[in-house]
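Subject: Structure for your files

Hello,

Here is the structure that I said I would pass on. Please look at it first, then read the notes under it.

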Amino acid sequence: LQLGGGIGTVGLNTSNADGLDNEEAQDVSTLTLLSGLMFEYNKVQVGLYMGVDNINNQSSSRWKSNGNIWFGFGVGYDLFNVAVTETDAQNVRK
């Protein structure tokens, strides 16, 4: 089970935000919150996620996707191997 959050940007324009003219297109910051499940088998990882994106100044830009739930799918591969000594493993168990 995974929970996450992040910041990003979205380009607002006349096709995805109400109340903007062509000359008022702008990039605004977003806050993303997400949760999901990730499964791993033989170093291959598959994740299913859902989340929501919000922008701060929604009253003036009226982004059509603000607060809408989205779903995502991810695939990965574990490339790195972190060596754990027996002493480290014993310290974790204590």
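The notes below go from the overall fold to single residues.

This is a predicted model, in which local features need pLDDT of at least 70 and side-chain atom pairs count only at pLDDT 80 or more, whereas totals for chains, interfaces and linings use all residues. Residues are numbered from 1 along each chain as its sequence is written, and side-chain values use heavy atoms, with hydrogens and water left out.

Overall fold

The protein chain contains 2 helices and 4 strands. Helices (H or I, at least four residues) and strands (E, at least two) are DSSP runs, numbered from the N terminus. Read from that end, the order of elements is β-β-β-α-β-α.

The accessible surface of the chain is about 7,300 Å², and carbon and sulfur atoms account for 55% of that surface. Areas of this kind come from the Shrake-Rupley method with a 1.4 Å probe, and for residues only the protein chains shown count as cover. Of the 94 residues in the chain, 20% are buried. Buried means under 20% relative accessible area, exposed means over 50%, and partly exposed is in between (1.4 Å probe, protein chains only). For contacts between residues at least 6 apart in sequence, 46% join residues at least 24 apart; a contact means heavy atoms within 4.5 Å.

The sheet

The 4 strands make an open, antiparallel sheet in the order β1-β2-β3-β4. Its edge strands are β1 (2-12) and β4 (69-77), each of which pairs on one side only. On average, neighbouring strands are turned by 30° against each other, direction ignored. Here the axes are lines fitted to C-alpha atoms (for helices, over the stretch in contact), and angles run from 0 to 180 degrees between N-to-C directions.

Two strands count as paired if DSSP finds at least two bridges between them. Strands β2 (residues 26-41) and β3 (residues 44-55) are antiparallel and share 12 bridges. Thr 30 has Ile 55 in β3 as its bridge partner, and Ser 35 has Met 50 in β3. Between β3 and β4, also antiparallel, there are 9 bridges. Gln 45 is bridged to Gly 76 in β4.

The hairpin loop

The hairpin of β2 and β3 has 2 residues between the strands. Asn 42 is in this loop, and its phi is near 50°, a positive value in a residue other than glycine. Lys 43 is in the loop between β2 and β3 too, and has a positive phi of about 70° although it is not a glycine. Asn 42 is exposed, at a relative accessible area of 56%, while Lys 43 is partly exposed at 37%.

The nonpolar core

Which residues make up the largest nonpolar core? There are 7 residues in this core: Val 10, Leu 12, Ala 17, Leu 20, Val 28, Ile 55 and Trp 63. A nonpolar core is a set of buried Ala, Val, Leu, Ile, Met, Phe, Trp, Tyr and Cys residues joined through side-chain atoms within 4.5 Å. In soluble globular proteins, nonpolar side chains tend to be buried together.

Ile 55 belongs to strand β3 and is buried, with a relative accessible area of 7%. From Ile 55 to Thr 32 the C-alpha to C-alpha distance is 9.0 Å, and the two are 23 residues apart in sequence. Leu 20, with residues up to four places away in sequence left out, touches Leu 12, Asn 13, Thr 14 and Gln 26.

A buried asparagine

Asn 16 lies in the loop between β1 and β2. Is Asn 16 buried or exposed? Its relative accessible area is 18%, so Asn 16 counts as buried. The side chain of Asn 16 reaches the backbone oxygen of Gly 11 at 2.9 Å and the backbone nitrogen of Asn 13, also at 2.9 Å. Both are polar contacts, meaning a pair of N or O atoms within 3.5 Å; within protein, one must be able to donate a hydrogen and the other to accept it, and residues adjacent in sequence count only if both atoms are side-chain atoms. Leaving aside neighbours within four places in sequence, Asn 16 is in contact with Gly 11, Arg 62, Trp 63 and Lys 64.

Regards
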